[in-house]
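Please read the following report alongside the sequence and the structure. The text begins with one local detail and then turns to wider features.

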Amino acid sequence: MSSLPTLEINDLFAGYGETEILKSINISVEPAQTVAIIGPNGAGKSTVIKSVLGLVNVRGGKINLNGQDIIGIAPDEAIRQGISYVPQTHNVFPNLSVLENLEMGAWTRKTGIKERIDEMFTLFPDLQVKKSKIAGSLSGGQRQMVAMAKALMVDSKIMLLDEPTAGLSPKYQSEIFQTIKKINGSGIPILLVEQNAKQALEIADKGFVLVDGANKVQGTGKELLEDSNVARMFLGSKD
Amino acid sequence: MWQTFGFEFVNFYFIPGLVVGCIYALGAIGITLTFGILRFANFAHGEVMMIGAYFTWTVMTLVKNGLGFPIHPLVAAVPAIALAISLFIFVDRYFYKPFRSAPTIRVVMASFGMMLVIRSFVQSVWGPNQLTFVPGIARPNETVKSFTNSFDMMILMPNKHFWIIAGTFVIMLALSWLLTKTKIGKGMRAVSDSPELAKVSGIDVEIIIRATWIVGGFCAVAAGVFLVMDLQMLETTMGFRMLLPMFAAAILGGIGRPFGAVVGGLVIGLAEELSVYPWLGNGPLLSPGYKTGVAFAIMIVMLVLRPSGLFKGRLF
Ligand SMILES: Nc1ncnc2c1ncn2[C@@H]1O[C@H](COP(=O)(O)OP(=O)(O)O)[C@@H](O)[C@H]1O
Ligand SMILES: [Mg+2]
């Protein structure tokens, strides 16, 4: 008996209002995997993640979380189901303290909030020092860590990260990638949207290249890193 | 010094300004919370104050006629607040909720309609004429008078002003505890910060909205009761007349900033009263007829110079 994928997206059609953005998307995340989605701006990467959370109109296809159909789910219900979501922008409450941000991430959680906060402070030691600071006053990298810790306050079945390193300094970028590896190492599967294709593919078990709302190429992280088309498009190689 | 300057300034300008400021502050809290959390300018907010005061008057009258003894307005305000809040949760559920995902202007217009509905309702039930809230002249509290007089700074403060200032202070403390120490209060601040992120954090936004009506309604009715305690009479247009200074206070403090609204309310109330102090020469600096204009001027200047308010609120 093969185990179910944690997240399975099949033949997905979705969009905003009347406009169709995603045309037959297929992506799956197996248990404990890190999966990267890369592709040019406007390819529909964020829209894929938003479909999982019930934030866009899904017109057709399947989205299963551990075998259970979650199409049309309300966003707060998706969080309750254990989806840790870090949006691309505006992913912290700027006027709440770091600690309050984590508490808000734990809104749907009944027990073990203190313990989970302590776990987060172990995972992100910088945040412990800044826990009473207003999130809006932190640097971009630290804010991103607040956003990740806040998202992880649920009992995560999967973590969805939308361009977590965008706009950060190289130092913070590699710190974020290291942290993602650590989170994945604790058994949480990860679906990662990234502009930083090279670093993302280096930590990914599997990668999907989306272009214009459709699957273009897919393979293991290593395969995609070595693929000359992918290299020409996203990895800044000159051939 | 006290005789020539302080006595008059403190008793006839500063304390009345503080009292008006407290009323504006309480009213502005609801406006700023609705603006921040439900994202619309609620024109019916003044009517919440007004109907809460009418409910309070009715409770006082019923108790006095039925049981034969008078009760303090702040006691009568308790059932009145409960009634007003239930009414506004009902209004939200059946009147504002259908507009939740519609463009803001529709719900603003709807609240304008609700303002007229409530005022007409009150006019048809209680009549369009002024009602006496508490008869007689409010005498200064003797204890405060003789105590302050014992060190030559006589303060003439009627009991009603003491209750208004102390009551506002207690409500502020409770509000600050609610917003910084409780889950629901932090949730209110979170939704005010970013409703989209709140939704994808699993926060139940409808519960937060209900809490907003409860807190805003509570403060509004308290403001309405304090206002009629001060004026000693009720009229159906009193809420509407409060609307501009309350909006000015909310904007001055920064939209979505309840503590900003408190500061804004106090500043506007004091500015209005102090604008008629004879700062230059013997006559009032501004004629009392311009008091409302002071609130309006502060609002305009703030919107031009610093639209996010003193405490960096939301921009629309
Ligand atoms: N809220 C929205 N309403 C309408 N169109 C949108 C919205 N968000 C994104 N789009 C459009 O959908 C397409 C895909 O966007 P997105 O998924 O954000 O791309 P990516 O994340 O890959 O850069 C783009 O053409 C974008 O303009
Ligand atoms: Mg995107």
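## Salt bridges, interface and fold

Helix α9 of chain A, residues 221–226, contains both A:Glu226 and A:Lys222, which lie four residues apart, about one turn of the helix. These two residues form a salt bridge in which the closest N and O atoms are 3.6 Å apart. A:Glu226 counts as exposed at 59% relative accessibility, and A:Lys222 also counts as exposed, at 58%. The model is a predicted one, in which local features need pLDDT of at least 70.

Over all chains, the structure holds 15 salt bridges. Another of them in chain A joins the side chains of A:Arg109 and A:Asp155, with 3.4 Å from N to O. A:Arg109 lies in the loop between α3 and α4 (113–123), while A:Asp155 lies in the loop between α6 (140–151) and β7 (158–162), so the pair ties together parts of chain A that are 46 residues apart in sequence. A:Arg109 has a relative accessible area of 15% and is therefore buried, whereas A:Asp155, at 54% relative accessibility, counts as exposed.

In chain B, the side chains of B:Arg241 and B:Glu235 meet in a salt bridge of 2.5 Å, N to O. B:Arg241 counts as partly exposed, with 43% relative accessibility, and B:Glu235 is buried, with a relative accessible area of 17%. Elsewhere, salt bridges that share partners join B:Asp92, B:Arg100 and B:Glu206 into one network.

| Residue pair | Distance, N to O |
|---|---|
| A:Glu226 and A:Lys222 | 3.6 Å |
| A:Arg109 and A:Asp155 | 3.4 Å |
| B:Arg241 and B:Glu235 | 2.5 Å |
| A:Glu100 and B:Arg189 | 2.9 Å |

### Where the chains meet

The size of an interface is often given as the accessible area lost when the parts come together. Between chain A and chain B this buried area is about 1,800 Å², and carbon and sulfur atoms give 62% of it. On the side of chain A, the residues that lose the most area to chain B are A:Phe93, A:Met104 and A:Trp107, which together make up 38% of what that side buries. Counted by residues, 21 of chain A are in contact with 19 of chain B.

The rule finds two salt bridges across this interface, and in one of them the side chains of A:Glu100 and B:Arg189 meet at 2.9 Å, N to O. It also finds six residue pairs in polar contact across the interface, with both residues at pLDDT 80 or more. In chain A, the helices α2 (75–80) and α3 (98–105) each supply at least two residues of the side that touches chain B. The residues of that side divide into 11 nonpolar, five polar and five charged.

### The fold of chain B

Chain B has 12 helices and two strands, and from the N terminus on its elements run α-α-α-α-β-α-α-α-α-α-β-α-α-α. Its C-alpha trace spans about 60 × 55 × 35 Å along the principal axes. A compact globule of 316 residues would have a radius of gyration near 20 Å, and the 20 Å of chain B agrees with this. Of the 316 residues in this chain, 55% count as buried. Among the contacts in chain B with a separation of 6 or more, 74% are between residues 24 or more positions apart.

Which residues surround B:Thr236, leaving aside its neighbours within four places in sequence? B:Thr236 is then in contact with B:Glu47, B:Met50, B:Tyr54, B:Arg119, B:Val122, B:Gln123, B:Gly127 and B:Pro128. With B:Gln123, the side chain of B:Thr236 also makes a polar contact of 3.1 Å. B:Thr236 lies in the loop between β2 (233–234) and α10 (238–253) of chain B, and because its relative accessible area is 3%, it is buried.

B:Thr34, by contrast in setting, lies in helix α1 of chain B, residues 2–38. B:Thr34 is buried, with a relative accessible area of 4%. Neighbours within four places in sequence aside, B:Thr34 is in contact with B:Arg39, B:Phe40, B:Asn42, B:Thr212 and B:Trp213. From C-alpha to C-alpha, B:Thr34 and B:Phe121 are 23 Å apart in space, and they are 87 residues apart in sequence.

Key:
Residues are numbered from 1 along each chain as its sequence is written. Chains are lettered from A and ligands numbered from 1 in the order in which they are written. Side-chain values use heavy atoms; hydrogens and water are left out. Contact means heavy atoms within 4.5 Å. Buried area is the accessible area (1.4 Å probe) that two parts lose on being put together, summed over both. A salt bridge is a side-chain nitrogen of Lys or Arg within 4 Å of a carboxyl oxygen of Asp or Glu. A polar contact is a pair of N or O atoms within 3.5 Å; within protein, one must be able to donate a hydrogen and the other to accept it, and residues adjacent in sequence count only if both atoms are side-chain atoms. Ala, Val, Leu, Ile, Met, Phe, Trp, Tyr, Cys and Pro count as nonpolar, Asp, Glu, Lys and Arg as charged, and the others, Gly among them, as polar. The radius of gyration is taken over C-alpha atoms; the globule rule is 2.2 Å times the number of residues to the power 0.38. Buried means under 20% relative accessible area, exposed over 50%, partly exposed in between (1.4 Å probe, protein chains only).
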